[in-house]
Structure formats: C-alpha cells, structure tokens
Amino acid sequence: MALPSDEGLRRRKDSLSDEFDSELDDNEMKAIVNDIEQDKIHDETPDTRWIRFKNHLKDWGETATIHGIPHMAQAHTVIAIVVWSIIMIISAVGFVYMFYSILASYLAFNVVVNLNTGLDSEPFPSITFCNTNPYKLSKMTQVPELNALLTVYQASADGSLR
C-alpha cells in the first residue's frame, strides 16, 4: 500500500500539547483552512440529477418500513439486490393473489342454508340401556362385611345414623 506523499501536508500541533494555539500566525491558519477546503472539493462528486435521485432513493430505502426495501438499499452487491428484489416480487404477487381470491369469494355472496322441516320420516334410533354398576346387589348382600357396609351407607344417606 502506497503512503500518501507528504507534499502539501502541514505538521499540525497536537491539541493536548503544552504549546498554545495562539502561537499560530494568521497565514498558517489561512493555509490550513485552504487545505481543508481543497480536500473537500476533491471529495465531492459531480452533482447530477441522476446522482441526486439515487441518493434520495437510497435515503428513503434505508428508512422505509417495508421489510425488504432496507435490505435492498443497504446491499453492497448486485446479486444481493436482485435476490431481495425477487423476494419482494414473489411476496407482492402472493399478496395480490390471496387478496383477489378472498375478495372474489366474499363478493360471490355464497350462502349455505340447510333447513330441516322434520316432515320427512326419520329412522328410529336403537336405544341401549347400560348398567354401569359392576356389582350385583344380590351378591353383595350375601357377604356379611359388605352387607354391614351397605347398611351403614344407607343409614347415613337416610340421616338415621346417629
């Protein structure tokens, strides 16, 4: 890497040095200001309409709230810009398709109504009664301990247990 030549560069005093800035004479200060202005002139690019438009577009893109646009504005390569553009186009086409299909379905005014008047003969359902008690009372009363327990339960349910 080539180092810039020292031509045109002035040795400037460190702001933290013990020497006072007031020691600089007016000619040296004017020369420093002139150097800074010359550097600024060389750094400026020509201000054409296309460059202004491009700068405004980039500023807008970096602050946009649509998620893909800031990525495109901050991309450094053409490939990244193309990829983000394709993603944005696919997303926009998907949105338009879904919006159109839902809107068309809504505006079709399809109404589904099923009326059951009850005038038709319906088949009679088969009815099953299920005994969920796995124990038979007749078998429980034959065992003396279970019979005593059933008597206590019956007395507590009647309120006669005291």
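**A loop, a pocket and some rings**

Let me start with Ile66, which is found in the loop between H2 and H3. Helices here are DSSP runs of H or I with at least four residues, strands are runs of E with at least two, and both are numbered from the N terminus. Ile66 is partly exposed, at a relative accessible area of 47%. For accessibility, buried means under 20% relative accessible area, exposed means over 50%, and partly exposed lies in between, with a 1.4 Å probe and protein chains only. The C-alpha atoms of Ile66 and Met88 are separated by 9.6 Å, and these two residues are 22 apart along the chain.

A word on the source. This is a predicted model, where local features need pLDDT of at least 70 and side-chain atom pairs count only at pLDDT 80 or more, while totals for chains, interfaces and linings use all residues. Residues are numbered from 1 along each chain as its sequence is written, and side-chain values use heavy atoms, with hydrogens and water left out.

Now the overall picture. The protein chain has 6 helices and 0 strands, and its pattern along the sequence reads α-α-α-α-α-α. Of its 162 residues, 7% count as buried.

Next, the pocket. The largest pocket has a volume of about 350 Å³. The search runs on a 1 Å grid over the protein atoms alone; a pocket is an open set of points with protein on both sides within 12 Å along at least five of seven lines, and lining residues have an atom within 4 Å of a point. Grid points are joined across faces, edges and corners, and the volume is the space filled by probe spheres set on the points. Of the 13 lining residues, the closest to the centre of the largest pocket are Lys54, Leu57, Lys58, Met72 and Ala73. Which elements give two or more residues to this lining? They are helix H2 (49–63) and helix H3 (68–74), with the largest share, 8 residues, coming from H2. By type, the lining divides into 9 nonpolar, 2 polar and 2 charged residues. Here Ala, Val, Leu, Ile, Met, Phe, Trp, Tyr, Cys and Pro count as nonpolar, Asp, Glu, Lys and Arg as charged, and the others, Gly among them, as polar.

On to the aromatics. The structure holds 2 aromatic pairs. Trp50 and Phe53 are about one helical turn apart, because they sit 3 residues from each other in helix H2. Trp50 counts as exposed at 56%, and Phe53 is partly exposed at 46%. In the other pair, Phe95 and Phe99 have ring centres 5.9 Å apart and planes at 25 degrees, so this pair is stacked. They are 4 residues apart in helix H4, about one helical turn, and Phe95 is exposed at 56%.

That brings us to H4 itself. Helix H4 (residues 78–107) has 30 residues and reaches 43 Å from its first C-alpha to its last, close to the 44 Å expected at 1.5 Å a residue. The expected span is 1.5 Å times one less than the number of residues. An unreviewed UniProt entry places a "transmembrane region" at residues 78–100. Over residues 78–100 the chain is 100% helix and 0% strand, with the end C-alpha atoms 33 Å apart.

Last, Phe109. Just after H4, Phe109 takes a positive phi of about 55 degrees. Most residues other than glycine have a negative phi. Phe109 is found in the loop between H4 and helix H5 (137–140), and is exposed at 63%.

Key
1 Å grid on protein atoms, 1.4 Å probe; cavity = no way out; pocket = protein on both sides within 12 Å on 5 of 7 lines; lining within 4 Å. Phe/Tyr/Trp six-rings, centres within 6.5 Å; stacked < 30°, edge-to-face > 60°. UniProt positions renumbered as here; feature names shortened; annotations may be inferred.
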